[in-house]
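Try each task on your own before you read its solution.

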Amino acid sequence: MKEKQESRKLVLPGDELINSMDYLPGKNCFREGNSIFSKKLGLMQTTGRVIMVIPLSGVYMPKTGDMVIGEVTDIQSSGWVVDIKSVHDAYLPISGVRGFIDTSKTELSKIYDIGDTIYAKISMVSGDSIHLSMQDVRSKKFTTGRLIRISSAKVPRLIGKEGSMIRLVKDNTGCRISVGQNGIVWLEGGNEEKAIEVFKTIEEEAQKDGLTDKISKMFKGGKNEKTK
Amino acid sequence: MNKIQRQYLANLASKNVRIDKRKTEDFRKIEIEKNPIENAEGSARVRLGKTDVLVGVKMGIGEPFSDRPNEGVLMTGAEFSPLAHPDFEKGPPREDAIELARVVDRGIRESGAIDMKKLCIKKDEKVWMVFVDIQIINHDGNMIDAAALAAITALCNTKLPVYNKKTDMIEYGKKSATKLPVSYKPVAVTFAKIGDTFLVDPNIEEEDVMGARLTVTTKDNGNICALQKGGSEAFSIDEIKTMLDVSIKKGKEIRKMI
Amino acid sequence: MASLTKSLKCSKEAKMKRPNNRKPTEFRPLTVVAGVVPNADGSAMVKLGKTTAIASVYGPRSVYPKWKRKADRAIVNCTYSMVPFSTDERCRPGPSRRSTEISKVIGDALLPSIFVEEYPKTMIDIYIVVIQAHSGTRTVGINAASVALADAGISMRDIVSSVAAGKIDNTYVLDLEGKEEDASKCDIPIAYMPRKKKITLLQMDGDLSAKDVIEIINLARKGCEQIHEKQKEALIKRWGI
């Protein structure tokens, strides 16, 4: 952990990260001559001989296997168009829904209607087509609760290492929370306001050191106030 | 807009609670910057929370309207630049931008804020033209109140440029000491109706779910000088009465900031 | 700075009087702020002397109408405009031939810096609004737009910097302002990627020898290098650890 923190460094597009042929350019980096440069505004990270940059901003880029939260915006003959706040709209085909659907008997709007919010898995990304699936056990349609949006670049920090951060928030607020990799977060019950306050802090200070400590303190502070 | 967020906001409103914890009659934090644009004869930037509006006043010389031969001319325009919101499009102003400009214009015009007779240079021939241009920098709801406040602040801080009678030209580099004659300060207060609840200064999420909207522009003496209703739902006479009362009260508070 | 002065030995520096006692190699006071439009994916404001522009970037996002999309890369749309009260005499809102040309050259100046091939079938929209104009609106617009692109997390080769230069009497002068533009024998705005030392925008109007043109471009390049540092500072300030 300590080692990683030492290597965290803010870099900008065009910054030279290293002048050496011993390293390989990873994500968001490119090589020119002997040097490796950053393509993006982000944090530089070195893992073994690979240098990469973790972006701090930007539109959500869909990845197969990601869980996302989206809104149904259109119904077509064999599936649903879903806005996942990404580069392109996503598509949920009938084949991506659990169970058999006989389209001659069932209106698709009875399953998911325009304006519905769903938690879905990205099953395929190819060019501009993004396919969703509801077959993952975590998938669901939300019928209550509320949504907030944070920068998708900050989602990894919000989830934390192996889910540690989000667990911290859930345990301390009693909220039920689902996080979409696309930056949309659903929550319901418990101390929603506190959870949102924490999310906003994480979003603003994701790149800063000592974030987990700060968040823990926020919860302790809240508890003390209550006992007073 | 998605159903659960709509449901959530409607539910909050029914309990008289707002998503950003404001009271129903609270404005967001108002920040006013006076004369940020030196090239304009007067200007103001107003932030209502994250809504950010810049207004500039330019003065020119032109012919008066034939039915008002000894009065200056006021022109108000607004642009919803695609800079300010992902859904704003390029091209000529859409109907909502025109509506906004006209609501702001009516507030200024009908309140008699500017003493137009003092803007006459030569009857029937030459009068001062006052151009009020509204530029949205960031749209986070209630652009009308922000624009109206920025417009009247800009007008209050406007100084006429030097008019050279001999050359019949305006010397724009020099500002005269003459202030634009502004005698009233109209203030717009907009309400969003969600269910049976009325919210002052709606943010963009509240605007998305509101059934109707009313903008009330009040004058220093508490008179009403402009109204504009929008949206698909309707108001009762009692609801309107309440909104008028609140807008007079809020107008007084905000007028002190100009 | 010292090397800059050296390259201008031919100049009659002592005789030159510039507004605010600027040196021929100095640009006007510069402010760069990143992240000024919360709704945008990336944004920036740049103020050079009085000239002020705000840029916001949206995207990459879906292309409408669809036939405009490119299968192998993003299209970059740039729109430059001036607010009516940005100038001495009110300028009419809406596009003009001038603003259309400037939109195009700014787009072309930024394109070489963007890895468009990483975003097939999408578009990146850049909107530049000049809120106060006093010489150099296109270069200020480029400086703001490039910071906005980086702020938006777009993959880039470098941050593009831009400034104009000219020649007054026998002196090469950086960042012409107001009446200097009339006094100058020419006006050459450039945009520059300092890392690769590549020029991405080049325009000129005037009447000048080839040698002078090269000298002026070199002066503007050096100005760009300093502007580049200010642009980076603004991004570090917004995103710093």
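This is a predicted model: local features need pLDDT of at least 70, side-chain atom pairs count only at pLDDT 80 or more; totals for chains, interfaces and linings use all residues.

Residues are numbered from 1 along each chain as its sequence is written, and chains are lettered from A and ligands numbered from 1 in the order in which they are written.

**Exercise 1. Chain B as a whole**

Find how many helices and strands chain B has, and work out why it counts as compact.

Step 1: Chain B has 5 helices and 12 strands. Helices (H or I, at least four residues) and strands (E, at least two) are DSSP runs, numbered from the N terminus.

Step 2: The radius of gyration of chain B is 19 Å, close to the 18 Å that the globule rule gives for 258 residues, so chain B is as compact as a globular protein of that length. The radius is taken over C-alpha atoms, and the rule is 2.2 Å times the number of residues to the power 0.38.

Step 3: Along the principal axes, the C-alpha atoms of chain B fill a box of roughly 65 × 35 × 30 Å.

Step 4: Of the 258 residues, 46% count as buried. A residue is buried if 20 or more other C-beta atoms lie within 10 Å of its own, exposed if 12 or fewer, and partly exposed in between, with C-beta atoms placed from the backbone.

Step 5: Among contacts in chain B between residues at least 6 apart in sequence, 67% join residues at least 24 apart. A contact here needs C-beta atoms, placed from the backbone, within 7 Å.

**Exercise 2. The surroundings of a strand**

Which strands are joined by bridges to strand S8 of chain C?

Step 1: Strand S6 (residues 161-168) of chain C runs antiparallel to S8(C), with 6 bridges; C:Ala164 stands opposite C:Pro189. Two strands pair if DSSP finds at least two bridges between them.

Step 2: Strand S9 (residues 198-202) of chain C is also antiparallel to S8(C), through 4 bridges, and C:Ala191 has C:Leu201 as its bridge partner. S8(C) and S9(C) form a hairpin with 4 residues between them, where C:Lys197 in the turn has a positive phi of about 55°.

Step 3: Strand S10 (residues 205-206) of chain C is joined to S8(C) by 2 bridges, again antiparallel. There C:Cys186 stands opposite C:Gly206.

**Exercise 3. Two packed helices**

Describe how H3(C) and H5(C) pack.

Step 1: Two packed helices are described by the angle between their axes and the distance between the axes.

Step 2: Helix H3 (residues 137-151) and helix H5 (residues 210-239) of chain C pack at an angle of about 35°, with their axes 10 Å apart. Axes are lines fitted to C-alpha atoms, for helices over the stretch in contact, and angles run from 0 to 180 degrees between N-to-C directions.

Step 3: The residues in the contact include C:Asn143 and C:Val147 of H3(C), and C:Ile227 and C:Leu235 of H5(C).

Step 4: By class, the contact has 5 nonpolar, 3 polar and 2 charged residues. Ala, Val, Leu, Ile, Met, Phe, Trp, Tyr, Cys and Pro count as nonpolar, Asp, Glu, Lys and Arg as charged, and the others, Gly among them, as polar.

**Exercise 4. Where chains B and C touch**

How many residues does each of chains B and C bring to the contact?

Step 1: Chain B gives 29 residues and chain C gives 24 residues.

Step 2: The side of chain B that touches chain C divides into 12 nonpolar, 11 polar and 6 charged residues.

**Exercise 5. Backbone exceptions in chain C**

Find where C:Pro60, C:Ser135 and C:Asp169 lie.

Step 1: Most residues other than glycine have a negative phi, and most peptide bonds are trans.

Step 2: A cis peptide bond joins C:Gly59 and C:Pro60, with omega about 0°, and C:Pro60 lies in strand S3 (residues 51-62) of chain C.

Step 3: C:Ser135 has a positive phi near 70° and lies in the loop between strand S5 (122-132) and H3 of chain C. C:Ser135 is buried, with 20 other C-beta atoms within 10 Å.

Step 4: C:Asp169 has a positive phi near 50° and lies in the loop between S6 and strand S7 (171-174) of chain C. C:Asp169 counts as exposed, with 12 C-beta neighbours inside 10 Å.

Notes: Two residues are in contact if their C-beta atoms, placed from the backbone, lie within 7 Å.
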